[in-house]
Amino acid sequence: MTTLKIIEIVVSILQFITLGYLVYNLHAPRVRYLVALTISVTLFSLGHIMEVTSSTDNAVIQSYIVSYIGMGFSGLFFMLFAFEYRGSKKVPFVPVLVCIIVCVALIATAIVTSRDGVINRVNIVETARHAPVHFAVVLWTYILLIVGDVILSKYVTASADTTILKYVSIVVCTIFFPVFALIVNNLKLFPHYDVVPMFTSFANIVLVWYILNYRTPEWAAMGRHNAVETMNDAFLLINNQTVLMDLNRKAIECFPQLKKDYIGMKVAKIPEFPLFLLDNSLYDFTLDVPPNGKRHFMLIRSPLKTLSGRRVGTNIMLIDDTINYDITEVLRHKTMHDGLTSLLNRTAMFDMAGRDWTLSVRSKRNSCILMLDIDFFKGVNDTYGHLVGDNVLRTLSEILRNRLRATDISARYGGEEFVVWVPDTDIKGAFKLAEAIRQIVEKKEIVLDNGEVIHITVSVGIAELRSCYILAKSFEKMLSLADEALYFAKNNGRNQTAVCIPNDNGCLEFMTSLEQLEFFAPVLEKRTLPDLPEARILSQESTPPPKNKTQELIDKL
């Protein structure tokens, strides 16, 4: 018996040290109810030591009070700890309130019964320890311990992480120490000595040691916060049932309509959920993110799999690629545009206008090419210098940008020559446009640094797709006909517009006025673009109606 007392005192001292260590680490997550549990077990152990070392009735009564309070609440706090440890955001209020009322009632009844036994000089051990109320307190405590054990067992079973499985199993096993002690008492291996408080204290020490050193869920939560919440990329996690399982701070910044409260809801029921994130054909997009303005994101989707390889969801990452995107856009602009005028360069013009020429032929859309050349540009360079010549080129390019439509394609062809592709425009419309540009250029005053004002003029050559197709079966050929018209305009006195029209014999004819075009209109109207097999265009009526976009994206996922 003396040996058991010494062992229990040593365990109790360790219990007090454990309590102090736990209070020191009170800032750690998910330890609120663990602190309360440790205090209860400490009171339970302290009460039993007071009982076995007491020599007066008052000391025995006080030991019973301390012991019953500690034992009665230990089961309740362990159950609450199990709820908190598995990550439950809310503890069921009504069941917990009932448990508290039952605990307080049983503890108060047990204390009164034990006190009466001591005062009336009835056999203390037989009356107090073996009274029905005492067994009710013990039974209720073990019921709550088992409930908490079941909660933790479900958490372990549901976990796919072997590390969590290993260490949380330690927590579950600690519950069997008090059960083992109860079995030892019933077998009377240590007569007249209750080993339950000592074993309970030992189990609590092991539990606290594990929680503070192997807090797998807590470390995982802290690791998630440090890795996921603080990164500059948006993150969303959606399971196979299209339920939003997680999202980080950056995702809420990108999509302010999303909230943490939406976790656990199907994406189809979340107001204004960005369903385009589920579109597997989308890899990057630009988004207006206040207060930084427009940001460009790369969209990366990866499967979320269990350790066995089964896919259970999809990780969605939005990587802020604005810097690289801006650099790429600058480089792309430099490779496609002329550095002096900011118009398209020759290569980009052939690519874009050539593609549009093909579409115009296939869809039988009439279009035109304008080729412009600055008159006597070499004289400007020779007289005023190349800086003034560069200013003249920039002035003409600015006039083109302001006068042309968004669908028109303008480019610097080379030197002082410019090309304009005008889609969906007939020969008359192109002639009017060319004359308007020519007159604007003629009236434009270019002021030099010394205050001198100079004027320039341009000559324009035009070729029409419909009228020239008999000779020009490609964009390059059509451009050469516009060049022929420009050559005619320059030889005919400059500062004018000339139109190149092949006649039925294949010979080129040039016209420099709208009246001439009107006279030649009946001949032009007879010319049509050929029917090409690849020119078939589905009518709007034959196009199947689009599916519901929301349902389509959810089905894809």
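A polar contact is a pair of N or O atoms within 3.5 Å; within protein, one atom must be able to donate a hydrogen and the other to accept it, and residues adjacent in sequence count only if both atoms are side-chain atoms. The side chains of Thr 497 and Glu 435 are joined by such a contact, of 2.7 Å. The model is predicted: local features need pLDDT of at least 70, side-chain atom pairs count only at pLDDT 80 or more, and totals for chains, interfaces and linings use all residues. Residues are numbered from 1 along each chain as its sequence is written, and side-chain values use heavy atoms, with hydrogens and water left out.

**Overall composition**

- The chain has 20 helices and 13 strands; helices (H or I, at least four residues) and strands (E, at least two) are DSSP runs, numbered from the N terminus.
- Of the 557 residues in the chain, 45% are buried; the classes are buried for under 20% relative accessible area, exposed for over 50%, and partly exposed in between (1.4 Å probe, protein chains only).
- The accessible surface of the chain is about 29,200 Å², and carbon and sulfur atoms contribute 61% of that surface; areas come from the Shrake-Rupley method with a 1.4 Å probe, and for residues only the protein chains shown count as cover.
- Among contacts (heavy atoms within 4.5 Å) with a separation of 6 or more, 64% are between residues 24 or more positions apart.

**Aromatic rings and charges over rings**

- There are 10 aromatic pairs in the structure; rings of Phe, Tyr and Trp (its six-membered ring) pair if their centres lie within 6.5 Å, and planes under 30 degrees apart count as stacked, over 60 as edge-to-face and the rest as tilted.
- Trp 421 and Phe 475 form an edge-to-face pair, because their ring centres are 5.9 Å apart and their planes stand at 70°.
- This pair links distant parts of the chain, since Trp 421 belongs to strand E8 (residues 417–422) and Phe 475 to helix H18 (residues 475–491), 54 residues apart.
- Trp 421 is buried at 1% relative accessibility, and Phe 475 is buried at 3%.
- Phe 255, Phe 276, Phe 285 and Phe 297 are linked into a cluster by ring pairs.
- The charged end of Lys 473 sits over the ring of Tyr 469, at 5.0 Å from the ring centre; the criterion is that NZ of Lys or CZ of Arg is within 6 Å of the ring centre and within 35 degrees of the ring normal.
- The ring of Phe 376 has the charged end of Arg 494 over it, 4.4 Å from the ring centre.

**Two buried threonines**

- Thr 497 lies in strand E12 (residues 497–502) and counts as buried, with 1% relative accessibility.
- Beyond residues up to four places away in sequence, Thr 497 touches Phe 431, Ala 434, Glu 435, Arg 438, Val 460, Ile 462, Met 511 and Thr 512.
- Thr 425 is placed in the loop between E8 and helix H16 (427–443) and is buried, at a relative accessible area of 11%.
- The side chain of Thr 425 reaches the backbone oxygen of Pro 423 at 3.0 Å.

**Cysteines**

- The structure has 0 disulfides, a disulfide being a pair of cysteine sulfur atoms within 2.5 Å.
- Cys 368 takes part in no disulfide, and the nearest cysteine sulfur, that of Cys 468, is 8.3 Å away.
- The sulfur of Cys 500 lies 5.3 Å from the closest cysteine sulfur, in Cys 468, which is too far for a bond.
- Cys 368 is buried with a relative accessible area of 0%, and Cys 500 is buried with a value of 0%.

**Loop residues**

- Most residues other than glycine have a negative phi, and most peptide bonds are trans.
- Glu 272 has a positive phi near 55°; Glu 272 lies in the loop between helix H11 (249–254) and strand E3 (284–289) and is exposed at 63% relative accessibility.
- Ser 342, not a glycine, has a positive phi of about 65°; Ser 342 is in the loop between helix H12 (322–336) and helix H13 (346–363) and is partly exposed, at 38%.
- Asp 504 is located in the loop between E12 and strand E13 (508–511) and is exposed, with a relative accessible area of 66%.
- The C-alpha atoms of Asp 504 and Ser 467 are separated by 10.0 Å, the two residues being 37 residues apart along the chain.
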